[in-house]
Amino acid sequence: MKMISRIEFIKTCSLFGISLPFQTVLKACSSGSEEPIIAGDFEGTVLIVGAGAAGMATAYLLQQLGVEYQILEADSSYGGRFRSTNDFADFPIPLGAEWLHVSEAELPAIVNDSAVQVTTVTQGYSATDTYGFYRNGVLTVEEAGAGINSYIDQKFIGSSWFDFFDQYIVPSIRNKMRFNTHIVSIDYSGDKVIASEDNGNQYEADKLVLTVPLKILQLGEIRFGPSLPNNKQRAIANANIWGGIKIFLKFTEKFYPTFLEFDDSETNEGQRTYYDAAYGQNTSDNVLGLFAVGKQAEPYQNLRGDAQRDYVLNELDVIFNGKASETFQEILVQNWNEQPFARAAYLADVAPSATSRIMAESVDDKLYFAGDSYTQEDDWSAVHNAARSARDAVRELIR
Ligand SMILES: Cc1cc2nc3c(=O)[nH]c(=O)nc-3n(C[C@H](O)[C@H](O)[C@H](O)COP(=O)(O)OP(=O)(O)OC[C@H]3O[C@@H](n4cnc5c(N)ncnc54)[C@H](O)[C@@H]3O)c2cc1C
């Protein structure tokens, strides 16, 4: 199925008179009917590098199939780019992935077990939500209108992408995760695949599923022996990967609309949107989020500490007549460019689909790729894509 691209989708939505925030795809574009994942001839062992959405989804499926595996994760915990924190508000704050961009049917598809009832609650947006647009020094606020119901993303209520994985996926794979294990080279020249840390520790298996962010490969942080095929090397070198930042601000009052957009909220160079991060939550905390990727993230990323806080408060004060500084309580910043095992946000929405398709191809029946930039779909850079790509990689690997 050809999915509508995000840019095309934004255009479609503008026909309804609404401007969508970002990363929005048609709810109807769910996983559809997929081939079941059935044990094949494979009887060997598997290494999985990375314990984000794709690595954990891969491990979970292998566990269901009874295949022996181990996860090697550089960080001190799991989650990758969908980590969240419970320390800032009385509901989980997603530091990376926040919205479910497809239908709720995606959640049981990840769990892949009809005996398990998924009770995670998500909520879409409503026609009476307010949409702010700031242009040429003037703020216009309108109701979103009916068109929004059929299209827009869903928020996790009282939970997050991280909590969903924590509840349904992690319990069965927890004891197979090895943390603080930073892989710097992968040798697939022999019968076995060998992954090595820079301290010389080596891990060996029959096959390896690589799930590290594409930026990690672009920075040359993992050496391959033999080198990856030329088409993959070109795709890595030319990949348009956006940096990204999320900033959360807590206020004593809610003075802002559900979404606040600007002329540069959606361009080929990046995106930025302020949004009500407490939307739908059972809370009295007023939390405004800022999501910015690509070029639009840079002004925020170039500042630190008080200067960064003052820049954001000033931007909001100008729009809301000083309300931001007057009611400000706390700030939380997550700059993904500074996360050592991500180094960016994700493959740009405007990247050609060939990039992730080429990256998804396996090499020599030994090296497999799963993750948000390694997918056969015409859409990428989202948790559901990472999980779908894990299903694809496992289907191929166990044949
Ligand atoms: C700001 C932001 C907002 C986003 N918003 C959304 C959203 O609303 N909805 C949505 O669906 N998606 C969103 N995404 C995208 C989503 O977070 C990712 O697509 C998804 O989490 C990627 O999962 P992954 O498993 O492919 O990669 P990751 O989660 O990055 O996992 C890769 C793992 O590999 C580990 N690793 C890296 N290098 C090494 C190494 N050398 N050795 C061993 N381990 C290593 C990392 O520590 C990490 O745990 C957002 C992302 C960002 C940054």
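A residue counts as near a molecule or strand if its C-beta atom, placed from the backbone, lies within 6 Å of it. This is a predicted model, in which local features need pLDDT of at least 70 and side-chain atom pairs count only at pLDDT 80 or more, while totals for chains, interfaces and linings use all residues. Residues are numbered from 1 along each chain as its sequence is written.

**View 1. The shell around the ligand.**
Welcome to the ligand site: of the 42 residues around the ligand, Gly-50, Gly-52, Gly-80, Gly-371 and Asp-372 come nearest. At least two shell residues each are supplied by α2 (53–65), β17 (244–251) and α12 (383–397); helices (H or I, at least four residues) and strands (E, at least two) are DSSP runs numbered from the N terminus. The shell comprises 22 nonpolar, 13 polar and seven charged residues, where Ala, Val, Leu, Ile, Met, Phe, Trp, Tyr, Cys and Pro count as nonpolar, Asp, Glu, Lys and Arg as charged, and the others, Gly among them, as polar.

**View 2. An open five-stranded sheet.**
Here five strands run in the order β10-β2-β1-β14-β24 with parallel pairing (two strands pair if DSSP finds at least two bridges between them). β10 (177–178) and β24 (367–369) stand at the edges with a single partner strand each, so one side of each has no neighbour in the sheet. Further in, β1 (45–49) and β2 (68–72) pair over five bridges, and Val-49 stands opposite Leu-72 in β2. Helix α12 packs on this sheet, touching β1, β14 (207–210) and β24, and its direction makes about 155° with that of β24. Axes are lines fitted to C-alpha atoms, for helices over the stretch in contact, and angles run from 0 to 180 degrees between N-to-C directions.

**View 3. α2 against α12.**
These two helices pack at about 40°, with their axes 8 Å apart. That makes α2 oblique to α12 (under 35 degrees is roughly parallel, over 145 roughly antiparallel, 65 to 115 roughly perpendicular, and the rest oblique). By class, the contact of α2 with α12 has eleven nonpolar, two polar and one charged residues.

**View 4. α7 against α11.**
Helix α7 (230–238) and helix α11 (353–360) pack at about 135°, their axes 9 Å apart, and are therefore oblique to each other. Asn-231, Lys-232 and Ala-235 of α7 make the contact with Thr-355, Ile-358 and Met-359 of α11.

Note on methods
Two residues are in contact if their C-beta atoms, placed from the backbone, lie within 7 Å.
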